[in-house]
Amino acid sequence: MNNKAGIGSFFHHVEPDDIKDFNLDKYITNYKLFYTGRHAIKFIIDEISLSKDISKIWLPKYYCQHVTSWLKECYPNIHLYEIDPFSSAKDLDLNSFSNPNDIVILNNFWGIYTYNIPKLITKSIFIEDHSHGWQSSSCLNSTADYCVASLRKTLPIPLGGILWQPKSNIRYKSNLIEDNDFYENWDKVKLAMSLKSDFIKNKIETKDFLQLINQSEQYLHKQYAPIKLTKENEDLIALFINKDYKTYKKNNLEILLNSLNTNKNFKILSSETDCTFGLQLLFKNREEFDKVKKTLISNYIYPSELWPHNKEREEWSYLLNIHIDFRYNKGHMRHIIDTINNIH
């Protein structure tokens with residue numbers, strides 16, 4: 001079953017009414033919207049620095065390579081800590097981060113990581129990143145000092161990020177700047193989404209939208225200042241933020257897990273309490289990873305790699321993400337099942 005929605009691993013244009021509603025205010029209130037998740041991270045780090053001197057900013061060693069390099073350009077005091085991205089957060093002792101002048105970014109890997117934030121007086125400031133776990137249980141019920149997420153990983157919007165402080169109503173002092181170049185970048189992604197919709201509907205044959213997305217990403221890698229949202233762009237994000245994205249993934253993942261065969265070349269990442277970001281296939285061997293990816297693409301299934309260029313691990317090193325969001329139905333899941341089960 002040919003579904004071209006996954007090409008380029010970004011969303012095409014959809015209407016808000018096509019997605020089920022979700023009451024975000026029941027869980028997260030007084031949030032602040034941004035254009036990107038990294039803008040949200042930088043904004044809150046700079047906000048914290050207004051009231052105290054920041055000693056170290058800790059990032060997980062396994063993290064989005066673009067965000068890591070971007071933050072290193074912004075701050076000279078980035079440090080890395082070890083964590084297993086494919087197991088759980090239980091082995092990470094958060095009590096070891098006891099300097100109140102340190103900031104620790106905790107990543108909700110694939111939507112299934114839950115961290116027990118210390119309640120000690122002498123503890124570091126913890127910021128949870130829920131970019132790949134939007135609407136997961138640990139996202140909606142976080143006890144971190146602050147939370148951030150890149151919304152464009154889940155919402156069908158050109159760009160989007162969010163910052164909130166669980167169980168609090170903080171007032172921020174920092175001001176955001178306006179930038180016409182950045183607003184043009186938003187328009188570029190919006191155009192790419194529209195062109196991709198036309199491509200999916202067979203109205204056009206060219207894939208020029210991929211070039212537009214690449215240009216946008218290259219621009220974002222070298223753009224370091226959090227930008228103030230225009231009213232029009234903020235309104236568009238608001239249209240999609242109160243939509244239920246988890247139910248679609250949960251239902252589709254359930255279908256897959258009930259029918260996929262065991263394969264010696266990879267394992268499926270799963271959780272007893274939450275659904276993962278997508279269908280996550282873990283590999284030890286790069287050749288097997290490439291073989292499966294090539295087979296999927298030849299069968300019109302377009303996965304993404306999370307995250308490339310991280311250091312190889314002794315066991316599971318490569319993660320292939322297969323999209324299973326609101327753009328896909330039971331028929332698409334059946335096609336994924338048949339394709340994967342025929343890979344030997």
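**Close-up views of a predicted model**

**View 1. Helix 7 passes helix 9 in a right-handed crossing.** A crossing is right-handed if the near helix is turned clockwise from the far one by less than a right angle, and left-handed if anticlockwise. This is a predicted model: local features need pLDDT of at least 70, side-chain atom pairs count only at pLDDT 80 or more, and totals for chains, interfaces and linings use all residues. Residues are numbered from 1 along each chain as its sequence is written, and side-chain values use heavy atoms, with hydrogens and water left out. Helices (H or I, at least four residues) and strands (E, at least two) are DSSP runs, numbered from the N terminus. Helix 7 spans residues 246-259 and helix 9 spans residues 330-341. Their axes lie 10 Å apart, at an angle of about 30°. Axes are lines fitted to C-alpha atoms, for helices over the stretch in contact, and angles run from 0 to 180 degrees between N-to-C directions. Angles under 35 degrees count as roughly parallel, over 145 as roughly antiparallel, 65 to 115 as roughly perpendicular and the rest as oblique. From helix 7, Asn252, Ile255, Leu256 and Ser259 meet Lys330, Met333, Arg334, Ile336, Ile337 and Asn341 of helix 9. Contact means heavy atoms within 4.5 Å. By class, this contact of helix 7 with helix 9 has five nonpolar, three polar and two charged residues. Ala, Val, Leu, Ile, Met, Phe, Trp, Tyr, Cys and Pro count as nonpolar, Asp, Glu, Lys and Arg as charged, and the others, Gly among them, as polar.

**View 2. Helix 4 packs with helix 5 at an angle of about 155°.** The axes are 8 Å apart. Helix 4 and helix 5 are therefore roughly antiparallel. Their crossing is left-handed. The contact of helix 4 with helix 5 has 11 nonpolar, three polar and three charged residues.

**View 3. Helix 4 and helix 6 cross at roughly 45°.** Helix 6 covers residues 231-241, and its axis comes within 11 Å of that of helix 4. The pair, helix 4 and helix 6, is therefore oblique. The crossing of helix 4 and helix 6 is left-handed. Tyr183, Trp186 and Lys190 of helix 4 touch Glu232, Asn233, Leu236 and Ile237 of helix 6.

**View 4. The largest pocket has a volume of about 1,200 Å³.** A pocket, on a 1 Å grid over the protein atoms alone, is an open set of points where a 1.4 Å probe fits, with protein on both sides within 12 Å along at least five of seven lines; lining residues have an atom within 4 Å of a point. Grid points are joined across faces, edges and corners, and a volume is the space filled by probe spheres set on the points. The largest pocket is lined by 50 residues. Gly8, Ser9, Lys153, Glu217 and Ser304 lie nearest its centre. Helix 5 gives the most to this lining, with six residues. The lining of the largest pocket divides into 22 nonpolar, 18 polar and 10 charged residues.

**View 5. Serine 9 has a positive phi of about 55° although it is not a glycine.** Serine 9 sits in the segment before strand 1 (32-34).
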